[in-house]
Structure formats: C-alpha cells, structure tokens
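Work through the exercises below with the model open beside you. Try each task before reading its solution.

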Amino acid sequence: MLIKMKSMFGLSLLLIGGCSQLHHVHVSDIDQSRGKLTPFTVQVNELGFDAAQTVQIGADVAKSASTSEDLEFIAFILAISNFGPKTGNPVYNDNYAEQVLVEVVKACPSRKITGLTSIREATNIGPVSGEVVRINGYCIN
Amino acid sequence: MKKLFLLFSLVMLSACTSSIHMSQVAIEEERINEFENGQLISIEKSQKNILGFVFDTNYVDKAYDSLLKQCPQGTSMINVEYLTNHGFMSWTDKIRIKALCK
Amino acid sequence: MLNKTILFSLLALSLSGCVGLNTVSMTQVPAERENKISTSSSSWNFIGINFSNKFVDVAIDKLKDQCSSGKIEGVYTKHQTTGYLLVFKREVIVSAYCNEV
C-alpha cells in the first residue's frame with residue numbers, strides 16, 4: 001500500500017510537469033539615456049539527469065525485497081560516483097554554455113548592449129530537467 | 001562475480017557528470033568592436049576537492065591574475081562560469097573566464 | 001498525543017516566515033548616489049512547485065520604469081525565499097541608483 005502511494009505520488013509529480021527553479025540571478029547596469037532599448041534573450045540548455053535519484057525511485061517501487069536492495073545499492077554507488085556540489089540536476093556535458101558570450105554579441109547588430117541579466121534556472125520533470133543559462137539584455141538603437 | 005563486474009562498469013560509466021552553478025556575462029557600455037572567435041581569450045583554473053577537504057579558493061584568484069596579465073588594458077567583454085565536475089568521492093571545482101581584451 | 005500535536009503545530013508556526021538567501025550580486029557602485037531606486041517582485045508557490053521564473057523579468061521592467069531616461073548604476077540584487085509552512089514566496093529585490101546623463 002505504501003509503495004503504491006509512493007508510485008502514485010511520483011507519477012502525479014511527473015504529470016504536473018515543467019516545474020521551474022531559479023538558482024542564480026545577476027542584474028547589470030541599465031543605460032536608458034543613449035537611445036531606445038530593444039530586448040533580446042540568449043538561452044542555452046542541457047539535459048540534466050539525476051541517475052541516483054531515478055534508481056532510488058526504482059528501489060522504492062520495486063515489488064521484491066531483493067530487487068529493491070540491489071537497486072538501493074546501485075543508487076548508492078551512483079551517488080558516491082557523482083559526488084560534489086550540484087546546482088539543479090547534473091549534466092553530462094559541461095560545455096553547453098560555452099558560446100553564450102559570442103551569441104550575446106551577435107544578438108545586437110549595433111553592438112551596443114546594456115542591462116544584461118544573467119540567470120541560471122532549471123525546468124524539472126521528475127528526475128530529468130532542462131538546465132538553462134539565460135542571458136537577457138537590451139540593444140541600444 | 002557478475003555483481004562485481006556490474007559494479008565496476010557502473011562506476012566507470014557513471015562518474016562523468018557536471019553542474020554549472022553560475023554563468024555571468026558583462027559587457028562594456030561603449031560599442032563593442034568587431035572580433036573573430038579566435039580573439040577571445042580563455043582561462044580555466046581548477047581545484048581538486050576530496051570529500052570537501054580544501055582550505056582555500058586560490059584557484060579563483062589565479063584565474064583573475066591570469067586575466068589581468070593577458071588583458072593589461074582591461075576588458076570590453078567578459079563571461080565568468082563557475083562549475084563542478086563530479087567524481088568518485090571527490091570533485092573538481094572550475095572557474096572559466098572568456099574575455100575580449102581592449 | 002494531543003500535547004505532541006499542539007507542540008508540533010507551535011513549532012511549525014514559530015518557524016513560519018523564515019527567510020533564506022539564495023543569491024546576491026552587485027555591480028560597480030557609482031560616485032553619485034543621490035537618487036536611489038528600488039523594486040521587488042515575487043512569486044508564490046505551494047510546496048515548492050513553480051512553473052515560471054518570469055517574476056525576475058517583471059522586477060527588471062519595474063526598475064527600468066523608475067529611471068526611463070537615465071542610467072541605472074550600482075545594481076544590488078537579492079534573491080531570497082520565505083517559507084510559510086507549505087507555502088513559499090520567492091522574491092527578487094533590486095536596488096540601484098538612477099543618474100541622469
């Protein structure tokens with residue numbers, strides 16, 4: 001009964017879908033004295049996946065005790081193999097935000113930019129998430 | 001034996017995740033000059049951390065000193081990233097700086 | 001049993017309204033600081049479930065409206081979360097200085 005309740009709860013969380021998390025925000029100076037401002041957004045994202053949490057969910061919903069134990073052991077191994085501070089879910093590619101600076105410059109043909117806001121956020125669906133780096137700014141026309 | 005093999009392959013395949021904590025872009029207020037991708041300087045400094053036993057964050061200062069050396073006249077664009085590469089009972093903290101020198 | 005329930009309820013109520021700082025950031029502080037402007041924007045959620053971070057953009061727009069022809073400098077940003085039992089309030093508080101050029 002407890003396992004069924006946990007499965008129902010887990011599934012309902014999945015169905016809700018698309019939960020947003022805000023991790024970091026930095027707002028820069030905004031110069032509105034040099035002309036009209038046109039907003040732009042540069043966004044890069046990468047799939048985040050918490051393998052240890054996924055296997056732990058499997059361990060909780062497993063029907064047999066031995067399968068549950070094995071899965072718990074695997075979850076433990078995965079957790080200690082991916083040790084360290086995490087912001088959101090871990091990703092398998094740490095270069096996804098490499099081109100952000102170049103994209104920000106490309107966004108403004110006038111090459112006059114102000115009001116940059118750097119945001120680190122995530123959209124979660126269960127143990128999977130979209131880890132996002134978003135840069136909002138304004139082109140001075 | 002089968003479990004040992006499974007364990008070994010699990011450890012080998014799983015220890016490669018990362019997490020970007022923050023990525024910040026700052027740009028000088030004046031007009032940015034044209035540039036090619038190759039003109040951007042890139043600095044990366046890291047610190048290996050085993051179970052959290054580290055006693056300084058000097059790698060960040062080293063990255064900043066390196067930036068000052070490579071851009072003695074200052075910068076017109078800068079992107080700072082702080083991320084962690086996860087590992088087995090340890091991790092590596094990294095600072096990445098991309099900048100366009102004046 | 002009733003005593004434990006009352007005790008737990010009192011404890012939960014006393015912890016209600018606790019604030020946690022998520023991030024803080026600053027830009028260069030200007031020499032001219034006569035005209036200070038500030039704004040905040042928040043987003044409420046139940047048990048931490050949110051579907052959007054648009055409240056950050058709202059804070060930026062409100063800040064811009066307070067200095068429509070000048071330069072906004074010395075921006076100081078706080079991102080914090082306040083917990084009220086099962087309900088949470090995420091907030092971005094921004095203060096800056098508006099200098100006419």
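pLDDT is the predictor's confidence in each residue, on a scale from 0 to 100. This is a predicted model: local features need pLDDT of at least 70, side-chain atom pairs count only at pLDDT 80 or more, and totals for chains, interfaces and linings use all residues. Residues are numbered from 1 along each chain as its sequence is written, chains are lettered from A and ligands numbered from 1 in the order in which they are written, and side-chain values use heavy atoms, with hydrogens and water left out.

**Exercise 1. Confidence**

Find where confidence is lowest and where it is highest in chain C.

Solution. 
Step 1. Take the chain average: chain C has a mean pLDDT of 88. In chain C, 94% of residues reach 70 or more.
Step 2. Go element by element. Helices (H or I, at least four residues) and strands (E, at least two) are DSSP runs, numbered from the N terminus. Confidence in chain C is lowest in helix α1 (residues 2-15), with a mean of 73. It is highest in helix α2 (residues 55-65) of chain C, at 95.
Step 3. The model has ipTM 0.83 and pTM 0.83.

**Exercise 2. The sheet of chain A**

Work out the strand order of the open sheet in chain A.

Solution. 
Step 1. List the elements. Chain A contains 4 helices and 5 strands. Along the sequence they follow the pattern α-β-β-β-α-α-α-β-β.
Step 2. Pair the strands; two strands pair if DSSP finds at least two bridges between them. Strand β1 (residues 19-27) of chain A pairs with β4(A) in the antiparallel sense, over 8 bridges. Here His24(A) stands opposite Arg120(A).
Step 3. Move to the next pair. β4(A) and strand β5 (residues 128-140) of chain A run antiparallel and are joined by 11 bridges. Thr114(A) has Tyr138(A) as its bridge partner, and Glu121(A) stands opposite Val132(A).
Step 4. Check the turn. β4(A) and β5(A) form a hairpin with 2 residues between them. In that turn, Gly126(A) has a positive phi of about 65°.
Step 5. Read off the order. The 4 strands run β1-β4-β5-β3 (chain A), with antiparallel pairing. β1 and β3 (37-49) of chain A are at the edges with a single partner strand each, so one side of each has no neighbour in the sheet.
Step 6. Get the angles. Axes are lines fitted to C-alpha atoms, for helices over the stretch in contact, and angles run from 0 to 180 degrees between N-to-C directions. Neighbouring strands of this sheet are turned by 20° against each other on average, direction ignored.
Step 7. Look for a packing partner, taking contact as heavy atoms within 4.5 Å. α2(C) packs on the sheet and touches β1, β3, β4 and β5 of chain A. Its direction makes about 15° with that of β5(A).

**Exercise 3. Burial and cores**

Decide why β4(A) counts as largely enclosed, then locate the largest nonpolar core.

Solution. 
Step 1. Buried means under 20% relative accessible area, exposed over 50%, and partly exposed in between (1.4 Å probe, protein chains only).
Step 2. Apply them. Of the 13 residues of strand β4 (residues 113-125) of chain A, 11 are buried, so the rest of the structure largely encloses the strand. Across the 141 residues of chain A, 49% count as buried.
Step 3. Find the core. A nonpolar core is a set of buried Ala, Val, Leu, Ile, Met, Phe, Trp, Tyr and Cys residues joined through side-chain atoms within 4.5 Å. The largest has 24 residues. Those with the most contacts inside it are Phe40(A), Val104(A), Leu116(A), Ile135(A) and Ile27(B).
Step 4. Name the contributors. β3, α4, β4 and β5 of chain A, together with β1 (18-27) and β3 (75-86) of chain B, each give two or more residues. α4(A) gives the most, with 5 residues.
Step 5. Find the other core. Another one, of 21 residues, lies apart, and includes Leu22(A), Val25(A), Ile60(C) and Cys67(C).
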